[in-house]
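Have the model open beside you as you read.

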Amino acid sequence: MDYPDPARLVPHKAEMLLLTRIADYSPEARTLAAEVTVGPGSTFFDASLNGVENLFAIEYMAQGVGAYVGMITYEPGAPANDRIGFLLGSRALTLHGDVFACGETYRVIVKETFLDTEMAAFDCVIEDAAGRVFAEGGLTVFRPESIKEFQ
């Protein structure tokens with residue numbers, strides 16, 4: 001199935017949008033899988049590491065969550081999602097790898113465990129191309145109905 005470009009789902013400027021593509025989405029299973037391909041032009045690429053430092057796993061996961069929430073309301077031809085969300089925290093975040101390696105594609109899998117109008121929780125896993133777990137943990141996010149109260 002063809003899914004929308006992540007830029008239609010995640011309200012980030014181009015240089016901060018880290019997801020390469022949406023690979024799978026299942027509203028029934030409450031999951032989304034996205035891909036991140038790392039290269040010299042990737043945001044946060046560190047030439048001395050020949051990749052992206054593992055601490056950016058949490059941002060890959062957060063953008064996966066953003067894409068999932070964007071898919072819930074996505075309509076072809078409608079304006080891109082511009083409703084922002086905030087990462088409140090993570091639980092049991094475990095990083096199994098040191099560097100997202102140049103030339104590799106990683107799969108970011110998010111599963112909704114709780115969702116209401118403004119708060120949500122997700123279990124997240126990042127796998128390498130061989131299916132090995134690179135990072136895993138839970139995220140709690142807040143997506144206000146109106147951003148005005150924060151401006």
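What follows is a look at one glutamate, its surroundings and the salt bridges of this chain. Please keep in mind that the model is predicted.

**E35 and its strand**

Let us begin with E35, which sits in strand β2, residues 31-37. Is E35 buried or exposed? Its relative accessible area is 17%, and because buried means under 20%, E35 counts as buried.

Leaving aside residues up to four places away in sequence, E35 touches L19, T20, R21, A23, T105, Y106 and R107.

**The neighbours of β2**

On one side, β1 and β2 run antiparallel and are joined by five bridges. Together they form a hairpin with four residues between the strands. In that turn, R30 has a positive phi of about 60 degrees. Across this pairing, R21 stands opposite E35.

Strand β2 also pairs with strand β7, residues 105-115, in the antiparallel sense and over seven bridges. Here T37 has T105 in β7 as its bridge partner.

**The salt bridges**

Side chains of opposite charge can pair when their charged atoms come close. How many salt bridges does the count give? The count comes to three, and the table sets them out with the accessibility of each partner.

| Salt bridge | N to O distance | Relative accessible area of the partners |
|---|---|---|
| R21 and E35 | 2.9 Å | R21 40%, E35 17% |
| D123 and R91 | 3.3 Å | D123 37%, R91 38% |
| R132 and D128 | 2.8 Å | R132 56%, D128 15% |

The side chains of R21 and E35 meet in a salt bridge at 2.9 Å, N to O. This pair links distant parts of the chain, with R21 in strand β1 (residues 21-26) and E35 in strand β2, 14 residues apart. R21 is partly exposed, whereas E35 is buried.

D123 and R91 form another salt bridge, at 3.3 Å. D123 lies in strand β8 (residues 119-127) and R91 in strand β5 (residues 86-95), so this pair ties together parts that are 32 residues apart in sequence. D123 is partly exposed, and R91 is partly exposed as well.

In the salt bridge between R132 and D128, R132 counts as exposed and D128 as buried.

Technical notes:
Residues numbered from 1 in each chain as written. Predicted model: local features only at pLDDT ≥ 70, side-chain atom pairs only at ≥ 80, totals over all residues. Heavy atoms only, no water. Helix = DSSP H or I, 4+ residues; strand = E, 2+ residues; numbered from the N terminus. Buried < 20%, exposed > 50% of the residue type's maximum accessible area, 1.4 Å probe, protein only. Contact = heavy atoms within 4.5 Å. Salt bridge = Lys/Arg side-chain N within 4 Å of Asp/Glu carboxyl O. Pairing = 2+ DSSP bridges.
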